[in-house]
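Student: I would like to go through this structure and ask where its labels come from.
Tutor: Then ask about the labels one at a time.

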Amino acid sequence: MQILDGKFLAAQIKAEIKSEVDNIIAQGKRAPHLVAVLVGSDPASQTYVKSKAKHAESIGIRSSEFILDESTSQSDLMELIEKLNKDNSVDGYIVQLPLPKHLDESKIIEAVDPSKDVDGFHPVNLGLMVAGNSKAFIPATPFGIMEILKRYNIPTAGKKVAVIGRSLIVGTPISILMSRNTEPGNATVTMLHSKSTNVKEVCLDSDIIIAAIGKKNFVTADMVKEGAVIIDVGINRVDGKIYGDVDFEHVAPKCAAITPVPGGVGLLTITSLLQNTLKSYQLKQS
Ligand code: NAP
């Protein structure tokens, strides 16, 4: 059984981005610039935004943050988004989700300039991704999963893949990416969700399982066939500890390869955001 080591891959990808950023700076140009907008004081979101800033700065990407009060109005947030859209020194920005309940998340996402939408959540980017257009910003977590499969040379062509979860940020985009005519890709994908009545049956028949449900230890050993590859996207905080969606202890011995939590997909989500920021910078220069 092989551990698909997110820490190792994140370090490798960061070194690659750093070398490109170093080249840019050596040419006397400004560094790529990533901005994070955080509304409210959700501790998990605060940690995530701080972590993004730390990783960006460690490889020479400029990082700025706008921390807004929980009570920020829709119009004030829209005003900031307009400002960021117009600011030529900003290559990409993210609006940290979830937003407080009184804010209209869809309207906010749709207000982001698609050419700065490094999270890849804007409908224009989702459309470009579906069309296989190379300008698309692929949502960070599915992008990270593709990097894991690619860099560990996991064969996907002709394989049966079960994706559990159909959110717009993980399950839906990874299902599309895995079924495209690309490498990784070319898989036969089944997308499962809370109304599915055959989750265990489909998982048992799958070569690769991608779990993005948000329920601790949802995928158990009796759902996994010998030699399967498991990508665990879940981040579930229970009593101060982080657990994935997969019962790692009992599933890992049956697998050919598996991502741990923590130390797997989560780290790649951050590097994907940095890759998208560099891409946005480069697209603007071209
Ligand atoms: P989400 O929006 O809550 O979606 C969860 C999905 O799981 C939904 O599609 C839901 O189906 C499905 N589901 C729930 N119960 C199910 C069941 N019993 N059987 C089959 N499907 C079921 O969550 P998300 O944003 O995609 O995130 C999923 C997990 O990944 C969370 O733990 C989250 O924290 C984590 N995450 C991690 C990263 C990372 O960087 N590693 C990034 C993003 C998210 P319905 O559509 O029918 O409700």
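The questions below take the terms used for this predicted model and check them against their cut-offs.

Student: What makes D239 count as exposed?
Tutor: The cut-off for exposed is over 50% relative accessible area. D239 is at 78%, so D239 counts as exposed. This residue sits in the loop between β9 (236-238) and β10 (241-243).

Student: Why is N186 called partly exposed?
Tutor: Buried means under 20% and exposed means over 50%, with partly exposed in between. N186 has a relative accessible area of 31%, so it falls in between. N186 belongs to the loop between α7 and β6.

Student: Why is α1 called roughly perpendicular to α6?
Tutor: The axes of α1 (residues 6-26) and α6 (residues 140-151) cross at roughly 100°. Angles of 65 to 115 degrees count as roughly perpendicular, so this pair qualifies. The two axes come within 11 Å. At the contact, L9, Q12, I13 and E16 of α1 meet E147, I148 and R151 of α6.

Student: How do you know that β5 and β7 pair?
Tutor: Pairing needs at least two bridges. β5 and β7 have four, in the parallel sense, so they pair. In this pairing V161 stands opposite I208 of β7. Strand β7 (residues 208-211) is also joined by four bridges to β8 (residues 229-232), again running parallel. There I208 stands opposite V229, and I210 opposite I231.

Student: What makes β1 and β6 edge strands?
Tutor: The open sheet has six strands in the order β1-β11-β8-β7-β5-β6, paired in parallel. β1 (2-3) and β6 (188-192) each have a single partner strand, so one side of each is left without a neighbour in the sheet.

Student: What makes β7 a strand with both faces covered?
Tutor: I208 and I210 on one side are buried, and so are I209 and A211 on the other. In general, side chains of a regular strand alternate between the two faces of the sheet.

Student: What packs against the buried residues of α7?
Tutor: They pack against α5 (123-130), α6, β5, β6 and β7. Among the buried residues of α7 are I174, L177 and M178. Helix α7 (residues 171-179) runs at about 170° to β6.

Student: How many residues does the largest nonpolar core have, and which have the most contacts inside it?
Tutor: It has 47 residues, and I210 and I231 have the most contacts inside it. Helix α10 (residues 265-285) gives the largest share, six residues. At least three residues come from each of domain 1 (29-113) and domain 2 (140-265). A second, separate core of 19 residues includes A162, I209, A211 and V251.

Methods. Residues numbered from 1 in each chain as written. Predicted model: local features only at pLDDT ≥ 70, side-chain atom pairs only at ≥ 80, totals over all residues. Heavy atoms only, no water. Core = buried A, V, L, I, M, F, W, Y, C linked by side-chain atoms within 4.5 Å. Buried < 20%, exposed > 50% of the residue type's maximum accessible area, 1.4 Å probe, protein only. Helix = DSSP H or I, 4+ residues; strand = E, 2+ residues; numbered from the N terminus. Domains from an automatic or database assignment. Contact = heavy atoms within 4.5 Å. Axes fitted to C-alpha atoms, helices over the stretch in contact; angles between N-to-C directions. Parallel < 35°, antiparallel > 145°, perpendicular 65-115°, else oblique.
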